[in-house]
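Reader: I would like to go through this model and ask what stands behind each label. Please show it.

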Amino acid sequence: VMDWHIAPDAPIYAQLAKQIRLGIVSGEYVPGERLPPVRELALSAGVNPNTMQRALTELEREGMVFPQRTAGRFVTEDAALIAAARETLAREQTAGYLSAMRALGCGIAEIRGLIDELTEEKEEKDAEF
């Protein structure tokens, strides 16, 4: 079950589509898997079914999901499409991070140093288990 996050700064349907897209690229929804019905997704997200329908229509237009006449919607099995969506999301996250760090006055060398330092700390922590 997805953990939905709705912010007031963007259209709700677009946020829902982005979160389902993230679920697809992260493997939470497996290629070829049937998605829950619109009403079930809408209920879990706390949104109107029409809003969820609009999000799923957007994902259909992109090819991330496809309808089967009476069986519902399914996740694409197109690995290249999923990989491209993953790269797009990763670039958006990275651009946002860089923008926030620059707003703090950090230069690229400092940002790289922080990433290296935090990566090492995480690897050491993971090795403890």
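Author: What follows is a set of questions about the labels used for this chain, with answers.

Reader: How do you know that the coordinates can be discussed residue by residue, and what is the mean pLDDT of the chain?

Author: This is a predicted model, so the question is one of confidence on a scale from 0 to 100. The chain has a mean pLDDT of 94, and 99% of its residues reach 70 or more. Helix H3 (residues 49–62) has the highest confidence, at a mean of 97, and helix H5 (residues 108–127) the lowest, at 92. Where pLDDT is low, predicted coordinates should not be read in detail.

Reader: How many helices and strands does the chain have, and what pattern do they follow along the sequence?

Author: There are 5 helices and 2 strands. In sequence order the pattern is α-α-α-β-β-α-α.

Reader: What makes the chain more spread out than a compact globule?

Author: For 129 residues the globule rule gives 14 Å, whereas the radius of gyration of the chain is 18 Å; that is well over the rule, so the chain is called more spread out than a compact globule. The C-alpha trace spans about 55 × 35 × 30 Å along its principal axes.

Reader: What share of the residues is buried, and what does the accessible surface consist of?

Author: Of the 129 residues, 26% count as buried. The accessible surface comes to about 8800 Å², and carbon and sulfur atoms make up 54% of it.

Reader: How far apart are the mean positions of the positive and negative charges?

Author: The chain has 14 positive and 21 negative charges, and their mean positions are 10 Å apart.

Reader: Why is Gln19 called buried?

Author: Buried means under 20% relative accessible area. Gln19 has 14%, so Gln19 is buried. Gln19 lies in helix H1 (residues 12–25). Beyond its neighbours within four places in sequence, Gln19 is in contact with Met2, Asp3, Trp4, His5 and Ile6.

Reader: His5 is one of those contacts. Why is His5 called exposed?

Author: The cut-off for exposed is over 50%. His5 has 51% relative accessibility and therefore counts as exposed. His5 is found in the segment before H1. Leaving aside neighbours within four places, His5 is in contact with Gln15 and Gln19. The C-alpha atoms of His5 and Gln15 are separated by 8.1 Å, and these residues are 10 apart along the chain.

Reader: Why is Gly72 called partly exposed?

Author: Gly72 is at 27% relative accessibility, so Gly72 counts as partly exposed. Gly72 lies in strand E2 (residues 72–75). With neighbours within four places left aside, Gly72 is in contact with Arg34, Phe66 and Pro67. Gly72 and Val38 are 34 residues apart in sequence, with 8.8 Å between their C-alpha atoms.

Reader: Is Leu43 buried or exposed, and why?

Author: Leu43 has a relative accessible area of 73%, so Leu43 is exposed, the cut-off being over 50%. The place of Leu43 is in helix H2 (residues 38–45). From Leu43 to Thr94 the C-alpha distance is 31 Å, at 51 residues apart in sequence.

Reader: What share of the contacts joins residues at least 24 apart?

Author: Among contacts between residues at least 6 apart in sequence, 50% join residues at least 24 apart.

How values were computed:
Residues numbered from 1 in each chain as written. Predicted model: local features only at pLDDT ≥ 70, side-chain atom pairs only at ≥ 80, totals over all residues. Heavy atoms only, no water. pLDDT = per-residue confidence, 0-100. Helix = DSSP H or I, 4+ residues; strand = E, 2+ residues; numbered from the N terminus. Rg over C-alpha atoms; globule rule 2.2 N^0.38 Å. Buried < 20%, exposed > 50% of the residue type's maximum accessible area, 1.4 Å probe, protein only. Contact = heavy atoms within 4.5 Å. Areas by Shrake-Rupley, 256 points an atom, 1.4 Å probe, with all protein chains shown as cover. Lys, Arg positive; Asp, Glu negative; His and termini not counted. Charge placed at Lys NZ, Arg CZ, Asp CG, Glu CD.
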